[in-house]
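Subject: Handing over the two-chain model

Hi there,

Here is the structure I promised to pass on to you. Please open it alongside this email, and then read on for what turned up.

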Amino acid sequence: MSVLERPATGDASGRGAAFTSPEAGDELTIIEPLIFDSSRPGRRAVRFPLPSSAARAAAGGQPSIPEAAARAEAPRLPEVAELDLLRHFNRLSHLNHAIELGFYPLGSCTMKYNPKVNEWAARLPGLADSHPLDPDPLAQGSLELEWLLAELLKEMSGFAAISLQPAAGAHGELTGLLMTRAYHRSRGEGEQRTKVLVPDSSHGTNPATATMVGYTAVTIPSNARGGIDLDALRAALGPDTAALMITNPSTLGIFEDQIDQVVAAVKEAGAIAYMDGANLNAILGRFRPGEAGFDVMHFNLHKTFSTPHGGGGPGAGPIGVSERLAPFLPTPQPLLVAGDPAEVRRNAWSGRPTPGARFALEEPGARETSIGKVRAFTGNFGMFVRAYTYIRSNGGDGLREVSNDAVLAANYLRVRLSDAFDLPYDRICKHEVVFSGRRQKRQHGVTTLDIAKAILDHRIHPPTIYFPLIVEEALMIEPTETESLETLDAFVEIMHGIASQAETAPDELKQAPLTTPVGRLDEAAAARRPDLRHDFATESTGATG
Amino acid sequence: MSYSPHTAADRERMLAAIGVASVDDLFADIPAAVRATGFDLPAPLTEQEVRAELARLAGQNRIPRVSFLGAGVYRHLVPAVVNEVIGRAEFSTSYTPYQPEVSQGTLQSIYEFQSLICELTGMEVASASHYDGATATAEAALMACRLTGRHRVAVSTAVNPQVRRVLATYCAGPGIEIVEVPADTSEGGTGLTAPDAAARVLSDDCACLIAQQPNVFGGIEPMAELADTAHGAGALMVAVVEPTSLALLAAPGSYGADIVAAEGQPLGIPPSYGGPYVGLMAARMESVRQMPGRLVGATRDGQGRKGYVLTLQAREQHIRREKAASNICTNQALCALAAATYLSAVGPEGLREVADLSATQARHVAAAIEAAGLGQRRFSAPYFAEVAILVPDAARRHATLAEQGIVAGFPLHTDYPELADTLLLAATELTTDADVEALVEGLGSTR
């Protein structure tokens, strides 16, 4: 989710190498031409049948599209042959780093292996061809899968109820805060509670969500150990507090070791306790937020439950909520309307249907307290199929092992790299560890951006950089549980090599990356003169490089 | 079991390096009072077991043999090449292109997607994607409020109810009022949004008028007149469109739309019980700094190589935090890639064939039902590929036919009480003459 990278240029702090733009008028080298460049009139990839004469004849008696509403000129979509189309996208794909190509320790994003059987499941015609408005009797499989996934998420998190509807983590936050507001309004405190407290280490989505809901975000400082400053929190809490949004484990990769007191203080102030569940991968089987008193949490199915990140989505951001927020959940909920829930679960865990069990979507308007809909239909169902497959494959034992190994790997890197990089919070971490590149910057003028770009030359995706904001020159490393010890050791060696290079040859690091399809790009120019679409007026001459 | 590669020896080595005796020590910072003892989850499954379980659930669905169901989600051909492209691990197992040097594949494909959506809609700038068409529409309304400084939005009741419900939820956040422009659903009516009806509702503090083309009943709205009406009241025109229809229907840019929102599902994405889909949004360049969502722009590196980056990020939550244009972060990139591949694969001719076949089969089914005396068109206005048909005792017949694997469209009475006994029938290029015959025969048999 919220991963931070500051612009590489236009920064007087000396971060990164000064960008030298080529002379104006210099010919650009094109790595891969645009799909529009290979378009030639009359080329085709896919053809469709002609309407039958029966259809044409019958249609003739019906009104046709009025001329005033008709399109004047056909859209200039590319006209390409199928092989050329495939080569174009295949060549583009070769310009990407990806989990299946190499290590991807991008902190806060949980770039774990995305199992293939999940993809197989999501493409089953019985699921992929299911229309969201099919009558419930035809969609019993889709509804059962949603109901079962919600049951699994409930058990894992200790919450009373689940909504699968939100499409991503930030969308889950929006849903949770809208429910928070509905809850306070239902108690006559809607006008009075206007503030949402967020720690200074929070994801950017947290304060942005507060604004979208009409709340004011108030920042709470962290203490010297990287946790939330409890005194500052208590001082900020009051009758005007709507909610605290806290990421736990935090974006420093640290479990809030006073979390019980944090939740108690929030509850005492009559506010809602929101947990950002982005980092759930660290605590499966170890901490159940609902049980610990939280009112609401979003899950990121694309992180913890291995659905592929797709170059930036789709994700899925279901939320779990406490009893007191349940009446406000989005509609419609998938319901078990006939059958005993325990029996249906027991049978499903043994791979059996339950005779007589029947599922249905909640009727529109059935629950007047609901905040309504946050997206069309019931959510990113294809992600639910993958997450369900993943959870069932792992089982309870496997999920516990997931968190054990994710935390083990992060702590291993914490210890192995602590001689080379500063560790601002030197304590046991959870699924990720945050280093600082301040030593390299102060002593050698090598910034964290330089370090990240140097990592690229080793065919590894760099960690998240410059986030969280409270760590100077931050390097946030999340190895996940699916990387072998050999991969971790190789990474340690590379990072040590870069740290020595920072001492001996800092200028070399400023040239990095040297082996990637393009070098550091002029982001300032991109923002100054936005070129956001192909210009048909200036026909490209095609590849020159 | 998990997908962890670690052997017992690996784990021992890591524990020794860390200097702890057991992995439990790494969780000692969780306060004892709230430490979980475990959870009651099912046992792990092998691949063959988990396949059987998923096949069981897929088998519980009964995919209809004949379906005229649309209402915002349409069964189109997904060319094989689309799944081939989005199935590539280089695209599917990467994330948001924060490091552009190793993300040019994703970035250039998004740039191409933006270009394709601009071309299709006749607009100047398109975002990299939204969750779905409904959230794109809601974000378009919020954007119109930021652009105009007004706090009220007008929406036609002929905009898909799923979309309007999401719009209502999003507007409740910042306290934006929604006013409805009633479509003419009277008996013998057009089923359209009349410009004078819009004029009556548009006050001088409306940020925008939202209308859908084709509208929820399939009808072809007078978009140019509606846009003029909106602009006359100082409001922006938000056009909600269906992308395949744009092969035949005027591009929103040509009739004065200021913001365009659309559900991109028809462009190579399966129905998949509601998602993942892709929300499309396009606008004028002058309003780009108020546009929500990611944008990719072209630039160059130090050696004069052309490259692409995420740009104008000062609008976004990770830079602006509480001052961001939206909280959106993860979007629907892989679905946008599917749409870009689809549009490139079908080209202008293919898209026209899809639209033409869909429109022809919609007329075919309407004419066949009317000819058999089973029902009649509910509205008088021209339509695209979806048509509202008045069929006596529609609810019962719809349910009976569903049992036989025939979905007779979408019954409109739940969302429009005045449209009792009205079925909304959608056709696509996959609709066959045999489907039309089966529906007519089915409706006849339930008389």
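Let me start with a question: in strand 8 of chain B, which residue is the bridge partner of B:Ala262? It is B:Leu280. Before I go further, please keep in mind that this is a predicted model.

**Strand 8 of chain B**

That bridge belongs to a longer pairing. Strand 7 (residues 259-263) and strand 8 (residues 279-283) of chain B run antiparallel, with 5 bridges between them. Strand 8 of chain B also pairs with strand 2 (residues 125-126) of chain B, again in the antiparallel sense, over 2 bridges. There, B:Ala126 has B:Ala282 as its bridge partner.

Is strand 8 of chain B mostly covered or mostly open? It is mostly covered, with 5 of its 5 residues buried. This holds for both faces: B:Gly279, B:Met281 and B:Ala283 are buried on one side, and B:Leu280 and B:Ala282 are buried on the other. As background, side chains in a regular strand alternate between the two faces of the sheet.

**The sheet in chain A**

Chain A has an open sheet of 7 strands with mixed pairing, in the order 1-7-6-5-4-2-3. Strand 1 (161-163) and strand 3 (216-220) of chain A are at the edges with a single partner strand each, so one side of each has no neighbour in the sheet. On average, neighbouring strands of this sheet are turned by 25° against each other, ignoring direction.

How does the chain get from strand 4 to strand 5 of chain A, and what is the hand of the crossover? The chain passes through helix 9 (residues 259-268) of chain A, and this β-α-β crossover is right-handed. Strand 4 of chain A is mostly covered, with 7 of its 7 residues buried.

**Where the chains meet**

The contact between the chains involves 175 residues of chain B and 190 residues of chain A. On the chain B side, helix 11 (residues 333-371) gives the most, with 25 residues. The residues of that side divide into 89 nonpolar, 54 polar and 32 charged.

Helix 5 (residues 140-157) of chain A packs with helix 2 (residues 47-60) of chain B at an angle of about 130°, and their axes are 5 Å apart. These two helices are therefore oblique to each other. Helix 5 of chain A makes this contact through A:Gln140, A:Gly141, A:Glu144 and A:Leu145, while helix 2 of chain B uses B:Leu57, B:Ala58, B:Gly59 and B:Gln60. Sorted by type, the residues of this contact are 3 nonpolar, 4 polar and 1 charged.

Happy browsing, and write back with any questions!

Best wishes

Note on methods. Residues are numbered from 1 along each chain as its sequence is written. Chains are lettered from A and ligands numbered from 1 in the order in which they are written. This is a predicted model: local features need pLDDT of at least 70, side-chain atom pairs count only at pLDDT 80 or more; totals for chains, interfaces and linings use all residues. Axes are lines fitted to C-alpha atoms, for helices over the stretch in contact, and angles run from 0 to 180 degrees between N-to-C directions. Helices (H or I, at least four residues) and strands (E, at least two) are DSSP runs, numbered from the N terminus. Angles under 35 degrees count as roughly parallel, over 145 as roughly antiparallel, 65 to 115 as roughly perpendicular and the rest as oblique. Two residues are in contact if their C-beta atoms, placed from the backbone, lie within 7 Å. Ala, Val, Leu, Ile, Met, Phe, Trp, Tyr, Cys and Pro count as nonpolar, Asp, Glu, Lys and Arg as charged, and the others, Gly among them, as polar. Two strands pair if DSSP finds at least two bridges between them. A residue is buried if 20 or more other C-beta atoms lie within 10 Å of its own, exposed if 12 or fewer, and partly exposed in between; C-beta atoms are placed from the backbone. A crossover is right-handed if, with the strands pointing away from the viewer, the path from the first strand over the helix to the second runs clockwise.
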